[in-house]
Amino acid sequence: MSKNIIQHINKIFDHRIRLGIMSILMVNDYAEFNTLKELLGATDGNLASHIKALEKAEFIIIEKQFIGKKPNTRYSASTLGKAEFKKHLQALEKLIKQ
Amino acid sequence: MTQQDYLKDLSEIKDLMNKSSRFISLSGLSGILAGTYALIGAAIAYWLVTTYSNGVLILDGWIFRSCLLTLVLVAAFSIITGILLTTRKAKKQGTKIWDSTSKRLVLNFIIPLVVGGLYILIILSQGKYGQSGGLMLIFYGLALVNASKYSIGDIRYLGYIQIFLGLIGAWQPGFGFWLWVLGFGVMHIIYGSWMHFKYDIK
């Protein structure tokens, strides 16, 4: 039983910043880089590297566009990312109840 | 990882979900004051109508216009108080007053309210003013329910109460005034006090 739960604990979410990015994107349609930075209290480089890791796993979608002449990047959670994060949450909850 | 770590993870997730999607710096005190303004406004309107007319309101008479002006003043004072006290609370908590969460809150609150306001003005211009008390309550209640997704979730229940009172008011227009007093006055004070003790005093 407990082995089964550990399987659902996703290694990719095993970091505060990545967990944070996913939490924010679960309840918001999208978020901008600066919003994530402010909410998580992370540095540019640190946040960027964790975003890259989540993008590589195809858990988040990056959308680049221009608002006027300013480049603007939006992040949103993919369907896969949302499903995996939900599994991760359920596993966490089960582990606590044990 | 230990059980303690998992627990910390979960509470951090919950905290971030709330912080990123809800504007929670609403001040309970502003609810109490809005209710007080509503009671004062209602008392003025009641006094005007009972002293200067024999229970009949004429739509273009000065009494009706004074009542309408009182209503506008009550709304204006409530909004100004709400903005001031909420700004103060947000500053104290170190959160921004005008960010994506508060913008979303205001937008979702204002849509049912503006639609309701226009609708009431239209039926007033058709001389059907018996429904206006109930309609104000209904649209205000809908605005609260709609906005509750983006703020302190508890305001949803205040919304349900206002809608319920509004429907009674629509069904029994004779009680419209007293239901308005109950909804905008008494309920605001009760709810504001509850919010104040639950969230502000910590």
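Tutor: First, a definition: a residue is buried if 20 or more other C-beta atoms lie within 10 Å of its own, exposed if 12 or fewer, and partly exposed in between, with C-beta atoms placed from the backbone. This is a predicted model, where local features need pLDDT of at least 70, side-chain atom pairs count only at pLDDT 80 or more, and totals for chains, interfaces and linings use all residues. Residues are numbered from 1 along each chain as its sequence is written, while chains are lettered from A and ligands numbered from 1 in the order written.

Student: OK, how far does helix H5 of chain A reach from its first C-alpha to its last?

Tutor: Helices here are DSSP runs of H or I with at least four residues, and strands are E runs of at least two, numbered from the N terminus. H5(A) covers residues 79-97, 19 residues in total. The expected span is 1.5 Å times one less than the residue count, and the helix comes close to its expected 27 Å, reaching 27 Å.

Student: Within what arc do its buried residues fall?

Tutor: The buried ones are A:Gly81, A:Glu84, A:Phe85, A:His88, A:Leu89, A:Leu92 and A:Leu95. Take the directions from the helix axis to the C-beta atoms. Seen down the axis of H5(A), the buried residues line one face, because they fall within an arc of 145°.

Student: And which residues are exposed on the other side of H5(A)?

Tutor: Look across the helix from that buried face. The exposed residues there are A:Thr79, A:Ala83, A:Lys86, A:Gln90 and A:Lys97.

Student: Which strand does S2(A) join through eight bridges?

Tutor: Strands pair if DSSP finds at least two bridges between them. S2(A) runs antiparallel to its partner, residues 70-77 of chain A, which is strand S3.
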